[in-house]
Structure formats: structure tokens, C-alpha cells
Amino acid sequence: MAKVLMINASDRFEQGVSVKMHKQFLTTYQSAHPEDTIEEVHLFAENLPYYGDQAITGQYKKAQGMALTNEEEALVAKIESYQDQFMNADKVVFSFPLWNYTVPAPMITYLSYLAQAGKTFRYTATGPIGLVGDKEVALLSARGGLYSEGTPMENAEMAMKLVRQTISLWGIISPIELFIEGHNAAPDQKDQIIGAGLEQVEQAAQQF
Ligand SMILES: Cc1cc2nc3c(=O)[nH]c(=O)nc-3n(C[C@H](O)[C@H](O)[C@H](O)COP(=O)(O)O)c2cc1C
């Protein structure tokens, strides 16, 4: 029985194409793997405090055995609970839109919570090594314009690239990557583009 963690980084629950990808993956996976447990995290609903001085100082103090303020204590505990949830999952699915060329802000905060030396990676004399390499991971992303390989805007895509690069530090080097793109650029083909993309998501969820 596998534990699956599904992280969704959009609050556009009705219209969002990345949300449709999340929902498609969830329902297909559930029916293909009824014995597995699925935990969903909707990042906007979590109201994550920004990752900043309070978190960094709190984590530093804890590592040094120093006393934390009540606020630092609470924030460090919250960060560690997300780290533990992630580390305990056998499979992880991220779904996120491309907004202003990158991921929505709560996704940056969430990744910052997880990107901790000693937890998801560690430093060695020959460079950092990842500590979570044995997970199966899928990245699902939607973007209204065209950004795939060979298109003029390829370099401007910083959502999939950001997540791929971030998790590679943790040792996740070959995630499944699926994207739906160009439905805003070609509104007359919107339904067809989204439909074809969701079929790919369905196939991936069956085999995941
Ligand atoms: C706040 C916001 C910013 C966006 N920025 C871009 C962008 O930079 N480039 C682009 O091609 N599409 C952009 N879009 C369109 C989305 O990429 C498109 O709606 C896609 O389906 C992903 O978002 P969704 O899951 O909310 O549908 C943006 C949409 C929103 C709501």
C-alpha cells in the first residue's frame, strides 16, 4: 500500500487547467490503485507563512540547541511537519500553473520549507547529495502560452524548470513531466488541447 502525496498550487478550483490536471490524476489514480492512500495539500488553503528570518533563525537556533521564541518554535514545527509529510510519502504529485512565467507564491514558500540541508539533501566535500531519491514523482503543469522545447519562449518558462531543478538537489532526477500549453494562445483549439493533455494525465496516473 503506497502513500501518495498530491500537492496542488492553484486556488482556481473551478477554471484552473492545472487544477483539472490535479483532479484527473487524483480520480484516475484512486480507481487504478484503490489500496493506496492519497493525501492532498492545497497550498493556498494552507496559508503558509513566508519563509524568512523567523524560520531561518528558528531553524538555526534549534540546530545549535539554543532557546527559540514561541513564534519561532511554532513556525519550525510547522515547517518540520511538511518535511515529514513529504519524506514519508512513497509517491508525490505536484500540480501547478505557470503564472508570470513561474509558479504561484505559495509553491515557492512550500519548496523553501522542504529545501533544507540535513533533511532533503546534505552537503559533502564533493558537493551536495540528495536524500529523497527513491520517490516516484510527477510534475503536472499548465501554461496558457507555448513554452516547450524549440518554441521562441522556451527560456521564459520558469515553473517546470524551477520545480525540476529544486527537486534534483534532493535526488529526484527523473520525474514524470506533463504539461498542457497553448490553450490561451489558440482559443479556438482550447478544448482539444486541454482534452488531449488530460488524456495524457489519465494514462500517467494509471501507470504511476
Ligand atoms: C496570474 C496569472 C498569470 C499568468 N501568467 C502567464 C504567463 O506569464 N504566461 C502565460 O503563457 N500564461 C500565463 N497565464 C495563463 C496561465 O498560464 C493559464 O491560465 C494556465 O492554464 C495555467 O493556469 P491555471 O491552472 O490557473 O489555468 C497566467 C494566468 C494567471 C491567472
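In which sense do strand β1 and strand β3 pair, and over how many bridges? Please go on from there to the sheet around them and to what lies beside it.

Analyst: This is a predicted model, in which local features need pLDDT of at least 70 and side-chain atom pairs count only at pLDDT 80 or more, while totals for chains, interfaces and linings use all residues. Residues are numbered from 1 along each chain as its sequence is written.

Strand β1 (residues 3-8) and strand β3 (residues 91-97) pair in the parallel sense, over 5 bridges; two strands are said to pair if DSSP finds at least two bridges between them. Helices (H or I, at least four residues) and strands (E, at least two) are DSSP runs, numbered from the N terminus. Within this pair, isoleucine 7 stands opposite phenylalanine 94 of β3.

The pair belongs to an open sheet of 5 strands, ordered β2-β1-β3-β6-β7, with parallel pairing. Because β2 (37-42) and β7 (176-181) stand at the edges with a single partner strand each, one side of each is left without a neighbour in the sheet. From one strand to the next, the twist averages 15°. Helix α7 (residues 190-207) lies across β6 and β7, and runs at about 165° to β7; axes are lines fitted to C-alpha atoms, for helices over the stretch in contact, and angles run from 0 to 180 degrees between N-to-C directions.

Among the helices, the axes of α4 (residues 70-88) and α5 (residues 105-114) come within 8 Å and cross at roughly 80°. That makes α4 roughly perpendicular to α5, a term for angles of 65 to 115 degrees. Ile79, Tyr82, Gln83 and Phe86 of α4 make the contact with Tyr110, Tyr113 and Leu114 of α5, contact meaning that the C-beta atoms of two residues, placed from the backbone, lie within 7 Å. The residues of this contact divide into 6 nonpolar, 1 polar and no charged.

Finally, a UniProt record (unreviewed entry) places the feature "domain: Flavodoxin-like fold" at residues 3-203, and that span is 42% helix and 18% strand.

How values were computed:
Parallel < 35°, antiparallel > 145°, perpendicular 65-115°, else oblique. Nonpolar A, V, L, I, M, F, W, Y, C, P; charged D, E, K, R; others polar. UniProt positions renumbered as here; feature names shortened; annotations may be inferred.
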